[in-house]
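Please keep the structure in view while reading.

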Amino acid sequence: MKTIAFTIAFLSTFIQSQFLFAQTRKPASLGREEYIEVEKNVKLHVIDLGEGQPVVLIHGWPLNNEMYEYQYQYLVEKGFRVIGISLRGFGKSDRPYGKYDFDTFSDDIKVVLEKLKIEHATLGGFSMGSAVTLHFVTKYNGAHIKKLVLFGTSGPSWKQREGYPYGVTDQAADDLIKQTKINREQLVAGFGKAFEGREGSLSPESIKWLESINLNASPFAITQSITALRDLDLRPALSKIKLPVAIFHAVNDKLCDFSQAEQLNKAIKGSYIVKFEKGGHAFFLEEMDKFNAELEKFARN
């Protein structure tokens, strides 16, 4: 009987101690959510690190928020809160059937910023993500945003149009879209080399890493979003932008020509270009130190 009584008493004490530990333990996550619901049954994956002034980063096509791996910790150590959002259809975000256009992407970002209570942020977008951020700022009149920075921009128009002889041709755009439907793996494999400014400026491991990120996207989203980019002309909306704007671009970019940055610079009053002389489309890796320092400087000032 004494043994039974002792066992019961021991178990009771153990359970009480575990309960008290559970009640007093401080959450290690600091209440940050990794997935934000933007509409019913659709959640976006968010990397949310650090404290201080917010910097929000939007990836390019067909990348995801993992592309900024070497920016996140740098900015956190410099005293910023940095938030990387994977657009729907990309990375770990949900990939429902439906629209993958710039209204949808902008609406999703608006919900994320509202739910995270982000204000006065520096918003950055890379490649197709630059078009996403430009569309967001013009659609929502700069809501939640204090500054805008564009990386390797796809320009006010990704493709050539009447009165705009910059960017890809109609045929090149259509060929790329077709490849996403019939030979996506080869398309992505070719992107690795095309990201380089000069041959050998990216290690084989970096190219493989970029390729793995590019492949981790919904094939449907890839096709739909690049089609939407083909049809997007931001030129009429650029005069609405009143925020400070910096344009980071590499002169050796093979995927988004430097002329695209120059056209945006002309169209957005008060904007300026930060020129990268060595890198290509992957200058955020090839010239990482300069990229990070310039981003920090722009976000802090």
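Two residues are in contact here when they have heavy atoms within 4.5 Å of each other. With that rule, and leaving out residues up to four places away in sequence, Ile 213 touches Pro 62, Leu 63, Asn 64, Glu 66 and Met 67. The model is a predicted one, and every value below is computed from it.

The chain contains eleven helices and eight strands. Its C-alpha trace spans about 95 × 45 × 40 Å along the principal axes. Of its 301 residues, 52% count as buried. Among contacts with a separation of 6 or more, 76% are between residues 24 or more positions apart.

Ile 213 belongs to helix 7. Is Ile 213 buried or exposed? Its relative accessibility is 2%, and because buried means under 20%, Ile 213 counts as buried. Val 188 is 25 residues from Ile 213 in sequence, and their C-alpha atoms are 9.7 Å apart in space.

The helix around Ile 213 can be checked for its length. Helix 7 covers residues 204–215, and at 1.5 Å a residue its twelve residues should span 16 Å. The C-alpha atoms at its ends are 16 Å apart, so the two values agree. Which residues of helix 7 are buried? They are Ile 207, Trp 209, Leu 210, Ile 213 and Asn 214. These residues cover an arc of only 160° around the axis, and therefore they lie on the same side of helix 7. Pro 204, Glu 205 and Lys 208, on the other side of the helix, are exposed.

Helix 4 runs over residues 128–139, and its twelve residues should span 16 Å at 1.5 Å a residue. Its end C-alpha atoms are 17 Å apart, which agrees with that expectation. Helix 4 is mostly covered, with eleven of its twelve residues buried. Among them are Met 128, Gly 129, His 135 and Thr 138. What do the buried residues of helix 4 pack against? Their partners are strand 3 (53–58), helix 3 (102–115), strand 5, strand 6 (145–151), helix 8 and helix 9 (258–267). Just after helix 4, Asn 141 has a positive phi of about 55°.

Strand 5, one of those partners of helix 4, covers residues 121–126 and includes Thr 122. The relative accessible area of Thr 122 is 4%, so this residue is buried. Apart from neighbours within four places in sequence, Thr 122 is in contact with Pro 54, Val 55, Val 56, Lys 147, Val 149, Phe 298 and Ala 299.

Next comes the largest pocket. About 250 Å³ of space lies in it. Of the 17 residues that line the largest pocket, Trp 61, Trp 158, Leu 176, Phe 191 and Leu 255 are the closest to its centre. Helix 5 (170–182) and helix 8 each supply at least two residues of the lining. Helix 5 gives the most, with three residues.

The peptide bond from Trp 61 to Pro 62 is cis, with omega near -10°. Pro 62, which is also among the residues that Ile 213 touches, lies in the loop between strand 3 and helix 2.

Most residues other than glycine have a negative phi, and most peptide bonds are trans. Asn 41 has a phi near 70°, a positive value in a residue other than glycine. Asn 41 lies in the loop between strand 1 (35–39) and strand 2 (42–50). With a relative accessible area of 61%, Asn 41 is exposed, because exposed means over 50%. The phi of Lys 117 is near 55°, again positive in a residue other than glycine. Lys 117 sits in the loop between helix 3 and strand 5. Its relative accessible area is 70%, so Lys 117 is exposed as well.

Conventions: Residues numbered from 1 in each chain as written. Predicted model: local features only at pLDDT ≥ 70, side-chain atom pairs only at ≥ 80, totals over all residues. Heavy atoms only, no water. Helix = DSSP H or I, 4+ residues; strand = E, 2+ residues; numbered from the N terminus. Buried < 20%, exposed > 50% of the residue type's maximum accessible area, 1.4 Å probe, protein only. Expected span 1.5 Å × (residues − 1). Arc of directions from axis to C-beta. 1 Å grid on protein atoms, 1.4 Å probe; cavity = no way out; pocket = protein on both sides within 12 Å on 5 of 7 lines; lining within 4 Å. Points joined across faces, edges and corners; volume = space filled by probe spheres on them.
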